[in-house]
Amino acid sequence: MTVKEIKKELAEWWYKLKRTSLQFQFNLFYIGVLMILVPSITIFCYTQSQKVLYEVVAMDIKNLLRKSNQIADSKLQLVKEYVFGFLSDNDVHRILRQARQIEDESQLYFLDTELKGIVDKYFLSSPDIYSVNIMTNRYNFGIMQYQNYIPEEMFEESELYDIGMQSKEKLTWVPTYQFYKMYHQPELEAITSLDYYYLFSMVKNLEYNLRGMEGEGYEILTINFTDSFWDDVFLNIPEYQDMEYFIVDDNGYIISHTDKNLLGKDIPEDWISKICTEESGSCLVKKDGEEWMLIFDRSDVTGWISVFSMNKRDLARMHLEQIRNNSMLIFAMLLFSVVVFSKAIHWLVVHPVIDLTRQVAKIEKEPEYRIAEKGSLEFRDLIHTYNQMNDNVQKLTRQNYETMNLYQESKLRELNLQLNPHFIYNVLNLLNLELIRDGEWEGSELVEDVIYMMRYILGSDHVTEDFRIDLEYTLHYMDVINKRYDDIYKLEINVDSELYTTKVPKFMLQPIVENVFKHAFLGGESDRRIRIYGTMKDGARCFMVEDNGCGIGKEKMEQINAGTEMSVGLNMTMERIKYLYGEAASLYVESLEKGGTRVCIILPA
């Protein structure tokens, strides 16, 4: 038997050993899952079901309460809009001014009749409003027919009057009160069948709205609602008819309650502070020695808190039998699922994994080998991905080989590129020496300018440079151009000293100065000046190039600023500063009052 055959048999034996070990480990895992997971999940589901039940019921009730609160808010908000429209009506202002000026009080009756028509126009369409009154020191205006009657002589002694006098700039909501107590009518205490026995109101002092009124007095608008307003909203939920609901303010004062005997009273329990400090939520509290679940939500219009409460014991008893049945059903389903799942795992996972392990081992010897795509969808995707990865690895290996060859070639090109500028520098230096020897000082200076410019262009690959160096390059460029035109251009530079060492885009100024030479002086001007400024402005660096040339047309200037003018130098400069600094940088062109053009570059500090 050859060594190759021995290695082959050893590999097969090792493969069988790994497969047997994997199957044995999976069987142990399956037994452990069956003995631990199923009972644990069942017990957990049973013990946690009550908590989950409370959370689900709380969420359900919270959604219903929020929707009910939104309905109530929408109705009350609509009434507020009616009030704003009513208060802006010029006829209302006119009637109330006349009411102060009329001396014969019998005439107030006719004004009241006219005012009732205006009240009906704004408020009659709302079935939720019980009555609308404008209480004055002389008359009770706007009472709807067959509704409650507020005694004029007792109004100024009521708490409603005090609240109304303080409500000058905004509407104020007055919590539920008993009519006979508010207006000192003890004879009405026993007549609990009165539909206006309990009221809550919205009041507003009209002094702020009716400015310029002559004479002394007051006008207080009261919009009155009965307690049935809340019942119509919160007692129309069939799923929770047996729940207790109540509405309180931040002081625990009961505004509405399922038990009408509690209206107008305070809740003495300490737990009321829990719900008054939050906008909405749920909590468990102690009431009469038992735990109650409270679901609460605050009104966006009145600021009052609506609450649904349910006895925790009644809630558990209602659903406990269903919880037990569901727990047993979960246990049976989990047990069946584990058995089916284990068998499925064996055929869909264990067997394909063993086969995949065997095929992957072949790739070590045959890099170009492709694994057959078979098995479940997940395994086919996995094998397909592995084959792609292997192909990419082989492709990457070939690319690395080619890259190494390209790298060697690029190094040779780089050496050549270094030799070419070096040769040009040497030639220019020789030319400069010859010019100096012949006394051609002007030509020598021109060659030195060109040498400096070439060194700046080819000297580094940095995209930014110190402003001092970029400015010096621009000055050499201007010196070359100026020599061509017999020094007819005058240059002025005024740059703050701290800007010289800041970084700016390379070749920032040269394209702009080149545009000045090409376009600014076309009329043969004798005085040709170019100014370069640099300063700090509003926390940014501002660089400007000005000329006193022929100027620029408004249309062309707008095109340049918009980037639509085909100015290669300006467009490239604008794109480079935008690329380096983003929206914090800008370039724009403007005309000078005395003639000429200014190009401004704004860079962040």
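**Labels and their grounds**

Author: The protein chain has 15 helices and 17 strands. The model is a predicted one. Buried residues account for 40% of the 605 residues in the chain. Of the contacts with a separation of 6 or more, 63% are between residues 24 or more positions apart.

Reader: Why is Asp-227 called buried?

Author: A residue is buried when its relative accessible area is under 20%. Asp-227 has 7%, so Asp-227 is buried. Asp-227 lies in the loop between strand E5 (219-226) and helix H7 (228-234). Residues up to four places away in sequence aside, Asp-227 touches Tyr-198, Ile-255, Ser-256, Lys-260 and Leu-263.

Reader: What makes Thr-258 count as partly exposed?

Author: The label covers what is in between buried, under 20%, and exposed, over 50%. Thr-258 has a relative accessibility of 37%, and therefore counts as partly exposed. The loop that holds Thr-258 runs between strand E7 (254-257) and helix H8 (272-276). Apart from neighbours within four places in sequence, Thr-258 is in contact with Met-243, Glu-244 and Tyr-245. The C-alpha atoms of Thr-258 and Trp-230 are separated by 9.8 Å, with the two residues 28 apart along the chain.

Reader: What does Trp-230 touch?

Author: Residues up to four places away are not counted here; Trp-230 then touches Ala-72, Leu-76, Phe-200, Leu-235, Tyr-245, Ile-247, Ile-255, Ser-256 and Trp-304. Trp-230 also belongs to the largest nonpolar core, which has 52 residues. Val-83, Phe-86, Leu-115, Phe-123, Leu-221, Ile-223 and Trp-230 are the members that touch the most others in this core. Helix H1 (residues 3-87) gives the most to this core, namely twelve residues. A second core of 36 residues is separate, and includes Met-135, Phe-155, Trp-271 and Ile-275.

Reader: Why is Asp-486 called exposed?

Author: Exposed means over 50% relative accessible area. The value for Asp-486 is 65%, so Asp-486 is exposed. Asp-486 sits in the loop between H12 and E12. Its phi is near 60°, which is positive in a residue other than glycine.

Reader: How do you know that Asp-538 is exposed?

Author: By the cut-off of over 50%. Asp-538 has a relative accessible area of 78%, and therefore Asp-538 is exposed. Asp-538 is in the loop between E14 and E15. The phi of Asp-538 is near 55°, a positive value in a residue other than glycine.

Reader: What makes H12 roughly parallel to H13?

Author: Helix H12 (residues 467-484) packs with helix H13 (residues 510-520) at an angle of about 20°, and their axes are 10 Å apart. Angles under 35 degrees count as roughly parallel, so H12 is roughly parallel to H13. The crossing of H12 and H13 is right-handed. From H12, Tyr-473, Thr-474, Tyr-477, Met-478 and Ile-481 meet Gln-510, Val-513, Glu-514 and Phe-517 in H13. By class, this contact has six nonpolar, two polar and one charged residue.

Reader: Why is H13 called mostly covered?

Author: Eight of the eleven residues of H13 are buried. They are Gln-510, Pro-511, Ile-512, Val-513, Asn-515, Val-516, Phe-517 and Ala-520. The elements they pack against are H12, strand E12 (489-495), strand E14 (528-537), strand E15 (540-547), helix H15 (568-581) and strand E17 (597-604).

Reader: How do you know that H2 is roughly antiparallel to H3?

Author: Helix H2 (residues 90-101) and helix H3 (residues 108-123) pack at about 165°, with axes 10 Å apart. Angles over 145 degrees count as roughly antiparallel, so that label applies to H2 and H3. H2 passes H3 in a left-handed crossing. The contact is formed by Asp-91, Val-92, Arg-94, Ile-95, Gln-98 and Ala-99 of H2 with Leu-108, Leu-111, Glu-114, Leu-115 and Ile-118 of H3. These residues divide into seven nonpolar, one polar and three charged.

Technical notes. Residues are numbered from 1 along each chain as its sequence is written. This is a predicted model: local features need pLDDT of at least 70, side-chain atom pairs count only at pLDDT 80 or more; totals for chains, interfaces and linings use all residues. Side-chain values use heavy atoms; hydrogens and water are left out. Axes are lines fitted to C-alpha atoms, for helices over the stretch in contact, and angles run from 0 to 180 degrees between N-to-C directions. Helices (H or I, at least four residues) and strands (E, at least two) are DSSP runs, numbered from the N terminus. Angles under 35 degrees count as roughly parallel, over 145 as roughly antiparallel, 65 to 115 as roughly perpendicular and the rest as oblique. A crossing is left-handed if the near helix is turned anticlockwise from the far one by less than a right angle, and right-handed if clockwise. Contact means heavy atoms within 4.5 Å. Ala, Val, Leu, Ile, Met, Phe, Trp, Tyr, Cys and Pro count as nonpolar, Asp, Glu, Lys and Arg as charged, and the others, Gly among them, as polar. Buried means under 20% relative accessible area, exposed over 50%, partly exposed in between (1.4 Å probe, protein chains only). A nonpolar core is a set of buried Ala, Val, Leu, Ile, Met, Phe, Trp, Tyr and Cys residues joined through side-chain atoms within 4.5 Å.
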